[in-house]
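Subject: Structure for your review

Dear colleague,

Please find below the structure that I am handing over to you.

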Amino acid sequence: MKFTAKHPLILASQSPRRQELLGLLGIPFDIVPSDIPEPDPQGFKSPVDYVNACAVQKANDIAGNHPEALVIGSDTVVVLNEEILLKPKDKQQASAYLHKLSGKTHEVITAVCVRCGDEEVSFHERVQVRFYELPESWIDAYTDTEDPYDKAGAYGIQTVSGLFVEKIEGDYNAVVGLPIAKLLQHLTHAGYLKVEGAHDYAK
């Protein structure tokens, strides 16, 4: 099953994980990542406000130069006790994040903003993720790899660090970085996408 889009499709992200998930729709798309620095999380009342603002910023940045396109911006954060764990800067910070997450349940929030001209579709998805207790040797061995350093919270559920996860409650793909099923629902209901072979774009 494939889908078609009413407008050219642009993903405002260089994340290979988001690219792979968007590719499930079978629609050709361009990759035009935003290069605007993400805002300071301290300037927001809650992690949800922050991640929503990041997704909107990415979509708006690229949509400004591509008004004819359907631009998808997305951002993901890992949150433990209201503390946002961003991408770790170094081994010490990655290790500190994993020690905090060990044996605990945290939240992953992925926000999506879709812009097409002056129209906008925005939503976010929240997922509960529980880690096993992590032996010190595991944390040390994992942070010696390159894997933690481009991922919020210093881990990726779709990589070897997925072995740290005891259970999740919610959309697995939202933890990976893009809740593609929910995105599809929003875009088809808004009339931007249709299944290949359908006669029209239904609103």
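This is a predicted model: local features need pLDDT of at least 70, side-chain atom pairs count only at pLDDT 80 or more; totals for chains, interfaces and linings use all residues.

Strand β4

I begin with strand β4, which spans residues 70-80. Of its 11 residues, 11 are buried, so β4 is largely enclosed by the rest of the structure. Leu-70, Ile-72, Ser-74, Thr-76, Val-78 and Leu-80 point one way from the strand, while Val-71, Gly-73, Asp-75, Val-77 and Val-79 point the other way. Both sets are buried.

Which strands pair with β4? Strand β2 (residues 9-11) runs parallel to β4 and is joined to it by three bridges; here Leu-11 stands opposite Ile-72. Strand β6 runs antiparallel to β4, with nine bridges between the two. Within that pairing, Ser-74 faces Val-112 of β6, and Val-78 has Val-108 as its bridge partner. Strand β5 (residues 83-85) is also antiparallel to β4, through three bridges, and Glu-83 of β5 is the bridge partner of Leu-80. The hairpin of β4 and β5 has two residues between the strands, and Asn-81 takes a positive phi near 55° there.

Strands β6 and β7

Besides its nine bridges to β4, β6 pairs with strand β7 (residues 119-131) in the antiparallel sense over 12 bridges. Cys-113 stands opposite Ser-122 of β7. Two residues lie between the strands in the hairpin of β6 and β7, where Gly-117 takes a positive phi near 65°.

Helix α4

Where do the buried residues of α4 lie around its axis? In this helix, which runs over residues 136-143, Ile-139, Tyr-142 and Thr-143 are buried. They cover an arc of only 90° around the axis, which puts them on the same side of α4. The general rule is that an α-helix has 3.6 residues a turn, so residues three or four places apart point the same way. The buried residues of α4 pack against α3 (91-101).

Ser-13

The loop between β2 and α1 (16-22) contains Ser-13. Ser-13 has a relative accessible area of 6% and is therefore buried. Its side chain makes a polar contact of 3.4 Å with the side chain of Arg-18. Beyond its neighbours within four places in sequence, Ser-13 is in contact with Arg-18, Gln-19, Ile-31, Val-32 and Pro-33.

Salt bridges

Side chains of opposite charge can pair when their charged atoms come close. The count in this model comes to 11 salt bridges, and I describe some of them here.

Asp-75 and Lys-58 meet through their side chains in a salt bridge, at 2.9 Å from N to O. Asp-75 belongs to strand β4 and Lys-58 to helix α2 (residues 47-63), so this pair ties together parts that are 17 residues apart in sequence. Are these two partners buried or exposed? Asp-75 counts as buried because its relative accessibility is 5%, and Lys-58 is buried at a relative accessible area of 13%.

A further salt bridge links Lys-91 with Asp-144, whose closest N and O atoms are 2.9 Å apart. Lys-91 lies in helix α3 and Asp-144 in the loop between α4 and β8 (165-169), so the pair ties together parts that are 53 residues apart in sequence. Lys-91 is partly exposed, with a relative accessible area of 33%, whereas Asp-144 is exposed, with 53%.

Asp-147 also forms a salt bridge, with Lys-151, and the closest N and O atoms of that pair are 3.2 Å apart. Salt bridges that share partners join Arg-17, Asp-147, Asp-150 and Lys-151 into one network.

Yours sincerely

Note on methods
Residues are numbered from 1 along each chain as its sequence is written. Side-chain values use heavy atoms; hydrogens and water are left out. Buried means under 20% relative accessible area, exposed over 50%, partly exposed in between (1.4 Å probe, protein chains only). Helices (H or I, at least four residues) and strands (E, at least two) are DSSP runs, numbered from the N terminus. The arc is that of the directions from the helix axis to the C-beta atoms. Contact means heavy atoms within 4.5 Å. Two strands pair if DSSP finds at least two bridges between them. A polar contact is a pair of N or O atoms within 3.5 Å; within protein, one must be able to donate a hydrogen and the other to accept it, and residues adjacent in sequence count only if both atoms are side-chain atoms. A salt bridge is a side-chain nitrogen of Lys or Arg within 4 Å of a carboxyl oxygen of Asp or Glu.
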